[in-house]
Amino acid sequence: MKKNSLTNWMKKRVRKTAGMMSMLMLLSLAGCGKTGEQKHQSGMPTIPGMTTEQASAVTTETTETTETTEATTESVTPPEGERQYADKDNEEFEEYLNKLFREGIEEDTLSYNYSVVDGSKYGAKKPEVATLGDSDLSEAYFDKKRKEAEEEYQELLKFENASLTWDEAFIYEWLKDDYELTIAGNDKKFDMLYEPFSPMRGMQSAVPTNFTDYRFDDKADVEDYIVMLRQIKPVFEKGVEFEERKSEAGYFMNDANADDIIEQCDSFIGTDPKQNFMIEVFNERVEELSFLSAEEKEEFKKQDEDAIVNYVIPAFQALKDCMTKLKGTAKTSGALCEYEGGKEYYALLVKKFAGTDKTPDEVAEYLDQKIQDSMNEMMLIAQTDAEGYQFFAQNYGNLFKDTDGMDVAEEIKLIMETSMEEYPDIGEVKFTAHHMSEAERVIMSHTMAYYMSPAIDDPEGNLIYVNDDFTDGMWSTLAHEGCPGHMYQNAYLMHEGARPITLMSHELGYKEGWAVYSSQTTLKSCFAKYFGPEHAETMARLAEIDELLGYAVQGRVDVGINYEGWSVEDVSDYLTSFGMNASGAESLFSVSTGDPGAYLSYSESYYEMKDLRAYAEEQLGDKFDPVKYHAAILSMGPCKFYQLKKVVDKYITENK
């Protein structure tokens, strides 16, 4: 995971339990029921006023742009508006891309540390003084970022008519779209809708993983770590000031979300500051650093404890005090549509989180249809393969009994060995699996597992963290985080020598859509191995439908709440209409108002990814090759789905 600033910590990829409803197993036709929490990963919020490298708020309409600057490279005139592609790379454009990358990782020490081991390979320099970046949230700061985004966009437009290869033209269009959407989302009227402390993706929820994952390559890294810990307090203070402004303007969060943040703060603060889990983790890590002497280790431990006790914990206390003081000042239920401009803002989030060009109305209709299709397919399977259906229902509670409880690293390797036949061979993907400490599990109680991508010049530095408090269904979780999910997607780009700017892409819809989609392709091999091949295909499809229905319903409810104005009662009625337990309606309402659009990264994005494959299969018939297809959609890196379709069309044309 690449970091751009403290205020963008929420880009962390983590598996989270939604904690809002207990699903009745739709296999009730067989008299078998299932209850349990649906698991999800968090996404990243939009930050009005931030640069493209930091955030990409989006809109459903194309933003009008000012007159472009004259191209600085040799240009060609595309016939009838279509670009003609060059045979070799445009050196000036390539340098521009490298400059974007360098500027992005040089902004703050977190970005540099998570992006590169040796920045000199890319002409980048580590910040001379350790910094978390500019975390200002003042009106002047937002205005400054709006101006910078427009200037950066104009710089890109110099290449509008430049001679570019197909790959370069794709990246140009991707960047252009991203800038236009960022500028649209940076509109001043959206400033107060930004939430720096959202329950799922806010700064306070990301502190544990972002600092415990910080890489120590030398003594200077440890020194920088201590310096940045001491900067957390002033960063939080700026966020608290922003919350007070939001409250005065009538934009403060609802009580349920405030309570969630207060609870998070209490968990972090604990009862004894000197027993904070971050101190424990740091002490363990420092002991493993061979480049430090025994005396240096002890000194750093003292400095770390001082920073946690006197800077970090007070930051969380200040946040708790703020939430406690402002709780009750909300003027709405928290649904975005109740704010002026809220529906428009939600449309931006839909495009950002889901990577789709659909409007919220279209997403709602699309998910409604997918839910109905899935239920119909489940009933059809029950009719056409009754034996397989009954076999699945009878074994439902034990689908992963042979893999749950396995050593994490061994289970990930098993998935690699048995479930990668549809994916390009990139050789061994090396990784390290970590188990969260007891203290980490307390503060990250909803986190099942997460993947941390390595620095781009350290392909073997893949990290997967797991929470041992979760033991059921880890096969799909580890396939999602590992291979063929997040880890494989990133490893493929590194193996193919992708441009640094591509490796830094934060298109969440693509990434989560890929991880959900690809993890489901591993189920057949799992069931074939442990239950035999006879019913493996039916079992895999039923298991996929079962999981995806949860995602789809949660995504649909999110649209209903934030765009259509659903109340808690409406959510309850909706869940009941599908035979689901409605007791979690309030929790689902709280999550959807606390982090609007979060679930669309999994529901809408999965179906968009799935539909692209169905489209390619229909176009190519027997000529469809899943290995070549996956190589194609992985080749250009994360992008919006309407951009990815261009890649799929190219693959179809080349393979007809």
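Being 3 residues apart in helix H3 (residues 139–156), lysine 145 and glutamate 148 are separated by about one helical turn; helices (H or I, at least four residues) and strands (E, at least two) are DSSP runs, numbered from the N terminus. The structure is a predicted model, in which local features need pLDDT of at least 70 and side-chain atom pairs count only at pLDDT 80 or more, while totals for chains, interfaces and linings use all residues. Residues are numbered from 1 along each chain as its sequence is written, and side-chain values use heavy atoms, with hydrogens and water left out.

Lysine 145 and glutamate 148 form a salt bridge, with the closest N and O atoms 3.0 Å apart. A salt bridge is a side-chain nitrogen of Lys or Arg within 4 Å of a carboxyl oxygen of Asp or Glu, and by this rule the count comes to 41. Lysine 145 has a relative accessible area of 8% and is therefore buried (buried means under 20% relative accessible area, exposed over 50%, partly exposed in between; 1.4 Å probe, protein chains only).

Arginine 146 forms a salt bridge with aspartate 191, at a closest N and O separation of 3.0 Å. This pair links distant parts of the chain, 45 residues apart: arginine 146 lies in helix H3, and aspartate 191 in the loop between helix H4 (166–185) and helix H5 (203–212). Arginine 146 counts as buried at 17% relative accessibility, as does aspartate 191 at 5%. A further salt bridge joins the side chains of glutamate 195 and lysine 246 (3.4 Å, N to O). Here too the pair links distant parts of the chain, with glutamate 195 in the loop between H4 and H5 and lysine 246 in helix H6, 51 residues apart. Both glutamate 195 and lysine 246 are buried. Through salt bridges that share partners, Asp143, Arg146, Lys188 and Asp191 are joined into one network.

Helix H6 (residues 219–249) also holds glycine 239, which is buried with a relative accessible area of 1%. Leaving aside neighbours within four places in sequence, glycine 239 is in contact with Leu137 and Phe197, where contact means heavy atoms within 4.5 Å. Serine 603, in helix H23 (residues 603–620), has a relative accessible area of 0% and is buried. Not counting residues up to four places away in sequence, serine 603 touches Leu367, Tyr551, Ala552 and Gly555.

A cis peptide bond, with omega about 10°, joins cysteine 483 and proline 484. Proline 484 is found in the loop between helix H15 (474–481) and helix H16 (486–495).

Glu280, Glu284, Glu288 and Glu438 form a negative surface patch. Patches are made of residues with over 30% relative accessible area and no salt bridge, like charges being joined within 9 Å and nonpolar side chains (Val, Leu, Ile, Met, Phe, Trp, Tyr) within 5 Å. Glutamate 284 is placed in helix H8 (residues 277–287) and counts as partly exposed, at 44% relative accessibility.

For the chain as a whole, the secondary structure comes to 25 helices and 5 strands. Of the 656 residues, 60% count as buried. Among contacts between residues at least 6 apart in sequence, 79% join residues at least 24 apart. The chain exposes about 25,200 Å², of which carbon and sulfur atoms supply 45%.

How values were computed: Areas by Shrake-Rupley, 256 points an atom, 1.4 Å probe, with all protein chains shown as cover. Lys, Arg positive; Asp, Glu negative; His and termini not counted. Charge placed at Lys NZ, Arg CZ, Asp CG, Glu CD.
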